[in-house]
Amino acid sequence: SLSKQGFRRSQNVLYRPSCSNCNACMSARIVSAELKQSKSQKRIRIRNKDVTRVVNPPLATDPQYELFKRYINIRHPDGGMSDMDADDFTAMIEETNVESKIVEYYAKRNGKPKLISFSLVDILDDGISMVYSVFDPDMKERSLGTYMIMDHNDLASEMNLKFVYLGYWVKGSSKMDYKKRFSPLQVFTDDKWVCSTEIAQRNFSNENYQGKKRSAPIYLPSDR
């Protein structure tokens with residue numbers, strides 16, 4: 001799959017940043033069998049031992065959209081997804097020409113299961129690609145973002161898949177620093193996957209990248 005070469009999917013478009021003067025955006029992945037949990041991550045597992053995982057086909061639901069809007073409005077109010085309506089959300093979830101799933105997480109509230117987080121994922125031949133994740137912004141004590149990544153790593157192991165693809169990582173970006181907490185982390189740079197510790201001291205300047213062309217997106221065939 002093109003994920004092995006650092007590509008990501010957004011609906012029926014595959015893309016990979018390729019700027020003429022920058023290579024700071026690097027795809028990141030966890031080697032599922034080698035993940036070393038920190039003490040903090042182990043505590044997060046314990047805090048979420050009551051959570052149930054359900055894997056469903058990529059079909060949008062009202063509870064998903066309601067949770068998505070709350071998540072966006074609180075966590076990313078000025079982001080590019082803040083004006084998405086229900087139709088846009090449905091398209092994001094359902095427009096896929098690869099094997100995709102919705103991984104939902106439930107916890108009981110007042111005796112009934114309540115959706116507290118979910119992730120849109122692609123099932124690849126070598127791993128799980130986390131396309132987009134949402135969690136209840138009012139449940140900060142659960143650290144659901146971290147918990148979901150660890151549980152997706154469990155899911156990959158259960159499916160005999162080697163990797164969990166986390167999207168892009170930019171060195172020094174505070175919004176993406178959380179990915180470094182999953183060790184060992186591999187990143188795709190210079191057309192190969194390397195351990196993130198190997199590039200920790202690299203200077204991502206525009207030297208040696210002048211004149212390179214920006215790559216075009218790849219459009220997947222649509223059956224709609």
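Lys39 sits in helix 1, which covers residues 39-47. Helices here are DSSP runs of H or I with at least four residues, strands are E runs of at least two, and both are numbered from the N terminus. Lys39 counts as exposed because its relative accessibility is 70%. The labels work like this: buried is under 20% relative accessible area, exposed is over 50%, and partly exposed is in between, using a 1.4 Å probe and protein chains only.

Before going on, a word on the model and the numbering. This is a predicted model, where local features need pLDDT of at least 70 and side-chain atom pairs count only at pLDDT 80 or more, while totals for chains, interfaces and linings use all residues. Residues are numbered from 1 along each chain as its sequence is written, and side-chain values use heavy atoms, leaving out hydrogens and water.

**Charged patches**

A patch takes residues with over 30% relative accessible area and no salt bridge, joining like charges within 9 Å and nonpolar side chains (Val, Leu, Ile, Met, Phe, Trp, Tyr) within 5 Å. Lys and Arg count as positive, Asp and Glu as negative, and His and the chain ends are not counted.

There's a patch of negative charge on the surface too, made by Asp83, Asp85, Asp87 and Asp88. Asp87 belongs to helix 3 (residues 86-94), and with a relative accessible area of 60% it is exposed.

Is Lys69 buried or exposed? Lys69 counts as buried, because its relative accessibility is 18%. You'll find Lys69 in helix 2, residues 62-75. Between Lys69 and Ser82 there are 7.8 Å from C-alpha to C-alpha, though they are 13 residues apart in sequence.

**Salt bridges**

Side chains of opposite charge can pair when their charged atoms come close. For a salt bridge, a side-chain nitrogen of Lys or Arg must be within 4 Å of a carboxyl oxygen of Asp or Glu. The whole structure has 7 of these salt bridges. Here are some:

| Pair | N to O distance |
|---|---|
| Glu158 and Arg53 | 3.0 Å |
| Arg70 and Asp136 | 3.1 Å |
| Arg70 and Asp138 | 2.9 Å |

Glu158 in helix 4 and Arg53 in strand 4 (residues 52-56) are 105 residues apart, so their pair links distant parts of the chain. Glu158 is exposed at a relative accessible area of 53%, whereas Arg53 is partly exposed at 24%.

Now for Arg70, which is partly exposed at 31% relative accessibility. Arg70 lies in helix 2 and Asp136 in the loop between strand 7 (127-135) and helix 4, so this pair ties together parts 66 residues apart in sequence. Asp138 lies in the loop between strand 7 and helix 4 as well, and its pair with Arg70 ties together parts that are 68 residues apart. Asp136 is buried, with a relative accessible area of 2%, but Asp138 is exposed, at 56%. Arg70, Asp136 and Asp138 are linked with Arg109 in a network of salt bridges.

**Aromatic rings**

How many aromatic pairs does a search of the whole structure find? It finds 10 aromatic pairs. Rings of Phe, Tyr and Trp (its six-membered ring) pair if their centres lie within 6.5 Å; planes under 30 degrees apart are stacked, over 60 edge-to-face, and the rest tilted. Tyr105 and Tyr147 form an edge-to-face pair, because their ring centres are 6.0 Å apart and their planes are at 75°. Both tyrosines, Tyr105 and Tyr147, are buried. One aromatic cluster is formed by Tyr65, Phe68, Phe89, Phe118 and Tyr132.

Note on methods:
Areas by Shrake-Rupley, 256 points an atom, 1.4 Å probe, with all protein chains shown as cover. Charge placed at Lys NZ, Arg CZ, Asp CG, Glu CD.
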